[in-house]
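Let's walk through this structure together, one step at a time. Keep the sequence and the 3D view side by side as you read.

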Amino acid sequence: MADHTAAASEGAMGRRTSLVRRPSRRSRFEAGVKALLFAAAAVSVAVTLAIIFSLVKETIAFFGDVSVGDYLFGTKWTPQFAGDQQSFGVIPLVWGTFYLTFIGLVVAVPVGILSGIYLAEFAPRRIRKIVKPVLELLAGVPTIVFGYFALTFFTPEVLRNFLGLGVNQFNALSAGIILGILVVPTIATLVEDAMSAVPQSLREGAAGLGANKVQTAIRVVFPAALSGVVAALVLGASRAVGETVIILIAGGQQANLSLNLYESYQSMAAYIAATARGDIPTGSIEYETIFIVGMTLFVLTLVLNLISIRLVRKYRQVYE
Amino acid sequence: MTGAQIAARASRHTSLHRSGGADRIFSIAFGTLMLGAIGISVLALLTLLFDVARDGISHLSWDFLTSFPSRIIPSNSGIESAIYGTLYLMVVCAAIVVPLGIATAIYLEEYANRERWWNRAIEVNIQNLAAVPSVVYGILGLAFIVRGPLDLGRVVLAGGITLALLVLPVVIIVSREAIRSVPPSIREGSLALGATQWQTIWKQVLPGSIAGIATGIILALSRAIGETAPLLVIGAAVNPRFNPDGLFSSFTALPIQIFTWTQDKDREFVDLAAAAILVMMVLLLLMNSVAIFLRNRYEQKW
Amino acid sequence: MRKKGLALLAVAGSLAFGVAACGDDDDDGTASGSTTEQSSDGGDISGSIAIDGSSTVAPFAEAAAELFNEEYPDVKITVGTSGTGGGFEKFCAGETDISTASRPIDEEEEVPVCEQGGVKYTEIVVANDGIAVATNKDLAVDCMTVEQLKQLWNKGSKITKLSEIDPSFPDTELSLYGPGTDSGTFDFFTDQINGEEGVSREDYEASEDDNQLVTGVEGDDGGLGYFGFSYYEGAQDQLNLVGVDAGGGCVKPSTETIQDGSYKPLSRPLFVYPKADAVTRPEVKAFLDYTVENAAAIAEAAKIVPLTEEQVGTAKEELATAESGS
């Protein structure tokens with residue numbers, strides 16, 4: 001009631017005012033801005049949808065030609081051959097990925113964790129000033145440079161000349177170790193973060209009970225930071241699983257299902273990059289293999305990432 | 001676990017006297033292991049740099065920067081087309097990722113109601129995108145941008161868009177942190193003086209966080225130009241003897257040229273790859289230095 | 001504070017514009033470092049040519065493109081290496097202008113696709129090639145018969161040491177390298193040696209990139225592989241060449257034995273297939289004219305076995321027919 005009379009009344013300034021809210025130009029502008037920004041944020045969702053859509057579309061086409069069982073459980077990966085020699089069993093690629101990641105982690109986990117512990121608990125200022133930039137530099141080196149290093153130096157000079165190992169030109173040992181070096185900064189930094197987040201009271205408590213620095217670090221701080229450390233390892237593994245170029249250049253192009261460090265292996269990502277090259281005609285079975293292997297890789301890294309997010313949330317909760 | 005519980009558990013394994021002999025030895029051994037681990041990283045970096053420098057430095061010259069790759073005469077080969085391609089890609093990538101990334105970050109930090117499920121979904125989605133392997137972005141580029149709906153072909157624009165999508169999550173995350181570092185009091189003061197939300201953002205929050213945002217963008221761009229896998233999948237040209245003449249031209253880039261030369265059987269080309277690596281690392285060093293300079297000089301201390 | 005931020009954005013923006021502007025003048029600096037002079041009227045032909053196909057022919061095509069660009073710097077030529085088979089697929093889909101091949105286009109499988117796609121073409125022989133069988137320097141094998149090669153490479157072969165074929169061969173564990181199945185080299189080798197195209201053992205390191213094969217064979221003690229002869233020539237100091245005995249004695253591949261056909265059965269001509277539609281474009285016509293005219297010089301530069309006099313004559317005839325629009 002009051003609105004209607006007030007709506008037509010004269011205000012204090014002698015002008016007609018309206019108590020009925022009409023959107024002003026300003027507020028329409030603000031709403032427009034918010035909508036625009038929301039649209040920008042929605043792009044990121046669109047990207048995920050596009051990735052999933054393009055992968056799923058060709059995956060379905062692929063499974064029109066090859067049975068799911070043959071793909072998931074087959075142990076021969078020879079898509080380029082014709083006729084009855086053609087086989088689409090993905091296990092050698094998955095194995096290659098895991099094997100190379102495993103070798104990488106054998107290097108990266110101890111080196112990364114020890115480095116992280118050292119930086120968090122022990123490093124004096126002067127050494128920190130050198131080591132942190134070294135790790136940051138290592139993290140910033142493009143993977144192609146690692147690939148170059150693996151093929152032209154690590155395999156011939158270190159593995160063959162210096163260690164005298166009879167490795168193939170393209171071999172798992174070289175690719176795996178360099179892959180590990182790639183991942184070390186990731187693990188080291190995250191372990192350092194995890195350990196630094198542990199409250200000082202724990203360290204003081206341990207010292208008060210007579211533990212020395214090493215014992216404090218290993219038996220008190222490290223276990224307290226454990227889920228953060230595990231998250232770091234999972235993230236490092238995820239990075240190694242998705243790595244393409246090092247394996248493509250130094251690991252070879254043979255889908256291999258064995259345990260020989262001296263032989264060449266092919267990972268899922270390396271297969272995709274070796275096959276795709278923008279060349280394959282759309283609709284051919286090889287084109288489809290890019291997507292099905294891509295889908296497998298995508299799902300794998302997604303699972304690893306979700307695990308690590310869970311772990312990070314868990315360790316954050318302890319101190320909040 | 002509380003601090004007391006953990007400390008109590010530790011004490012069960014620790015003796016109450018000062019470190020005995022065995023403890024000392026273990027400490028020293030562990031300390032050596034840690035130093036060894038650090039040493040491995042340092043050694044790896046130094047060996048890598050040394051090897052690249054040794055192989056490539058003799059090939060660095062002005063000619064190298066201004067010639068095209070030659071298949072027949074290695075000594076005439078250069079990286080001009082690769083440098084131009086990389087710069088073109090960087091500009092396209094920046095043009096896309098700067099507005100999109102900052103806008104998304106602003107939305108998530110200033111407007112989004114975290115109670116709403118779609119806003120939480122956007123956040124989780126960005127975290128997931130950050131972990132997707134670069135080669136999958138290449139597949140996306142191939143299926144959607146080079147072919148598929150956009151059907152641009154194997155051109156600079158397609159490469160730039162793909163790289164932009166690859167680093168978009170990183171830019172969003174870094175920009176969010178920069179925006180978040182602006183204290184709420186700034187916003188509240190501005191609103192109290194009658195400014196609208198957007199006015200507050202545009203005139204107070206953004207200028208206050210621009211240094212952090214710019215640093216993050218430069219770092220993201222330096223990551224983008226070092227990527228090889230997505231460009232391989234999209235189909236960058238091999239050994240092109242021309243510079244791109246626009247957004248719809250085929251192209252190559254420094255990582256691709258390095259990739260091609262590294263695998264050549266001719267040792268001379270392999271050394272050219274090392275020289276190209278040196279050029280690329282100088283470029284990256286420059287970009288990182290600019291980023292660090294911006295951060296130190298313009299960073300707001302609230 | 002505010003001003004600084006805006007100033008920063010302005011600086012960043014102008015940097016970006018500066019880079020973009022710099023990137024636009026790309027007409028300078030082409031064809032640098034060459035020793036030939038530029039002809040005065042070469043500049044007005046421009047355009048782009050898409051070539052794709054065999055990685056064996058690729059060095060020839062790339063050398064041709066490079067030398068051609070010295071006279072005609074405004075023609076952009078891209079040479080892809082999808083393999084002979086892959087190249088034909090794209091060619092018959094109309095995606096490329098010239099398809100290069102290390103074997104003739106397949107009558108049964110590829111010709112109909114081209115017909116369907118409405119793509120007419122001409123076949124021109126531009127060079128010769130042999131497939132070289134090479135081993136690592138430490139794997140001393142001088143000669144193998146066609147039968148022995150078949151034993152080694154045939155489908156289902158489980159041979160891991162040459163001594164299994166003949167006890168006088170070394171008993172080093174083999175590391176096999178060969179082209180992928182899209183490669184004309186693969187087609188040709190399997191056809192000639194195993195008796196049927198596409199039939200081959202699968203447990204070898206396959207790559208479309210002959211460079212990788214050479215590096216592999218060179219690096220592994222038991223390395224053995226087959227690839228285009230020109231790739232062997234480029235690395236002859238690091239590899240051991242195996243002669244092939246097709247019944248008439250051991251013959252090692254060389255320019256002469258390939259040209260006169262005595263290196264049997266692994267000698268073959270290398271082809272280019274220009275699209276009829278493309279030949280009408282001035283840049284394509286100029287390129288083909290140049291290539292056929294200078295085929296010998298180009299082959300030498302690419303370290304490929306050049307055409308014989310007779311072959312050059314045939315090529316010129318084929319090209320003339322193509323250009324007259326038959």
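**Where two chains meet**

Start between the chains: 16 residues of chain A are in contact with 21 residues of chain C (in contact means that their C-beta atoms, placed from the backbone, lie within 7 Å). On chain A's side there are four nonpolar residues, 11 polar and one charged. Here Ala, Val, Leu, Ile, Met, Phe, Trp, Tyr, Cys and Pro count as nonpolar, Asp, Glu, Lys and Arg as charged, and the others, Gly among them, as polar.

This is a predicted model, where local features need pLDDT of at least 70 and side-chain atom pairs count only at pLDDT 80 or more, while totals for chains, interfaces and linings use all residues. Residues are numbered from 1 along each chain as its sequence is written, with chains lettered from A and ligands numbered from 1 in the order in which they are written.

Now look inside chain C. Helix α3(C) spans residues 84–92, and eight of its nine residues are buried (20 or more other C-beta atoms lie within 10 Å of a buried residue's own). Helices are DSSP runs of H or I with at least four residues, strands are E runs of at least two, and both are numbered from the N terminus. Among the buried ones are Phe88(C) and Phe91(C). Their cover includes the strands β1, β3 and β11 and the helices α4 and α6 of chain C. After α3(C) comes Gly94(C), with a positive phi near 80 degrees.

Back in chain A, which residues of α4(A) meet α9(A)? They are Ile117(A), Glu121(A) and Phe122(A), which meet Lys213(A), Ala217(A), Val221(A) and Phe222(A).

Terms used. A residue is buried if 20 or more other C-beta atoms lie within 10 Å of its own, exposed if 12 or fewer, and partly exposed in between; C-beta atoms are placed from the backbone. Two residues are in contact if their C-beta atoms, placed from the backbone, lie within 7 Å.
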